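Hi everyone, thanks for coming.

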Amino acid sequence: MWVPHRDLHILTRRNQAIVKARNVTVHRRRHAPDLIPTPWDAVHQVLRFHDAETGLMVLESALNMGLIEVAEVEALIRDLPYKKQRVLGWATEHSQSGLETRVRLFFLSNRIPVRPQVQIPTVGWVDMVVGSSLIVECNGDFAHSTREQRNRDYMRIQRARMLGYETVSLSYSQIFEHWEETQAYILALIRERKHLKPPVPLVG
């Protein structure tokens, strides 16, 4: 499953002694956990012990990979605090990475209409469409590292522009290392309200 960090997290019984180590976080519960948890149990523990955004990233990854079903989400979140439930209730099986989850959650939290994984003729599948005409692509470094991949991205942006769509491409660094600055940038674009206008194809 997609996770936002690589630190080690250990789940153990409350009264069990654990030697502290750097970059290791220990979570405790009353009953001894299974040595090899099921995907459902692993996701449940993330939802319980981590913040709502991290939980949503892992939950959506599990849904996208088919490790859990959409029908199971209610049972996974029903014993969590209301604030977490409200965020986790937005879970969809369409987000393919935590980058997409974080960006989509930003729009949802600001009550900005957003649709994940939209197919556009001649362009293909895009990560999300905001409003009517703003495409947002979340580009992980690995999937967009070669010259061929970058050229493909440029062609997609060009074809989308011909159809009247504007495209914003966000890198891993923008989404996770410079997130506050990126949020301000996105909000500045949204305030122009161009995303609410239907796409008008360019005359070529």
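Let me start inside the protein: the largest cavity is lined by Val 123, Val 126, Ile 135, Glu 137, Asn 139, Asp 153, Arg 156, Ile 157, Ala 160, Thr 167 and Ser 169. Before we go on, please keep in mind that this is a predicted model. How do we look for such a space? Rolling a probe the size of a water molecule over the atoms shows where empty space is left.

The volume of the largest cavity comes to about 80 Å³. Which element gives the largest share of the lining of the largest cavity? That is helix 6, with 4 residues. Strand 5, helix 6 and strand 6 each bring at least two residues to this lining. If you sort the lining by class, you get 5 nonpolar, 3 polar and 3 charged residues.

How many cavities of 30 Å³ or more does the structure hold? There are 2. The second largest cavity has a volume of about 30 Å³. Around the second largest cavity you find Phe 107, Leu 134, Val 136, Val 168, Leu 170, Ile 186 and Leu 189. Here strand 5, strand 6 and helix 8 each supply at least two lining residues. By class, this lining has 7 nonpolar residues, no polar ones and no charged ones.

**The sheet around them**

An open sheet is formed by 4 strands in the order 3-4-5-6, with mixed pairing. Strand 3 (114-120) and strand 6 (166-171) each have a single partner strand, so they stand at the edges, and one side of each is left without a neighbour in the sheet. On average, neighbouring strands of this sheet are turned by 40° against each other, direction ignored.

Take one pair as an example. Strand 4 (residues 124-130) and strand 5 (residues 134-139) run antiparallel and are joined by 3 bridges. If you click on Val 130, its bridge partner in strand 5 is Leu 134.

Helix 6 (residues 147-162) lies across strand 4, strand 5 and strand 6, and runs at about 155° to strand 6. Helix 8 (residues 179-191) packs on the sheet as well, touching strand 4, strand 5 and strand 6, and its direction makes about 175° with that of strand 6.

**A pocket elsewhere in the chain**

Let's move to earlier residue numbers. The largest pocket has a volume of about 610 Å³. Its lining counts 23 residues, and those nearest the centre of the pocket are His 9, Leu 11, Ala 42, Gln 45 and Val 46. Strand 1 (8-13), helix 1 (39-49) and helix 2 (52-64) each supply at least two residues of the lining, and the largest share, 6 residues, comes from helix 1. By class, the pocket lining divides into 13 nonpolar, 7 polar and 3 charged residues.

In helix 1, Asp 41, Val 43, His 44, Gln 45, Val 46 and Leu 47 are buried. What covers the buried residues of helix 1? The cover includes strand 1, strand 2 (24-29), helix 2, helix 3 (73-77) and helix 4.

Leu 88 sits in helix 4 (residues 82-88). Is Leu 88 buried or exposed? With a relative accessible area of 1%, Leu 88 is buried, because buried here means under 20%. Leaving out residues up to four places away in sequence, Leu 88 touches Leu 47, Ala 52, Gly 55, Leu 56, Leu 59, Val 73, Ile 77 and Leu 80. Also look at Glu 53: it is 35 residues from Leu 88 along the chain, and their C-alpha atoms are separated by 8.1 Å.

**Stepping back**

To finish, here is the whole protein. It has 8 helices and 6 strands, in the pattern β-β-α-α-α-α-α-β-β-β-α-β-α-α along the sequence. The C-alpha atoms fill a box of roughly 70 × 35 × 30 Å, taken along the principal axes. Of the 204 residues, 37% are buried. Among contacts between residues at least 6 apart in sequence, 55% join residues at least 24 apart.

Key. Residues numbered from 1 in each chain as written. Predicted model: local features only at pLDDT ≥ 70, side-chain atom pairs only at ≥ 80, totals over all residues. Heavy atoms only, no water. Pairing = 2+ DSSP bridges. Axes fitted to C-alpha atoms, helices over the stretch in contact; angles between N-to-C directions. Contact = heavy atoms within 4.5 Å. 1 Å grid on protein atoms, 1.4 Å probe; cavity = no way out; pocket = protein on both sides within 12 Å on 5 of 7 lines; lining within 4 Å. Points joined across faces, edges and corners; volume = space filled by probe spheres on them. Nonpolar A, V, L, I, M, F, W, Y, C, P; charged D, E, K, R; others polar. Buried < 20%, exposed > 50% of the residue type's maximum accessible area, 1.4 Å probe, protein only.
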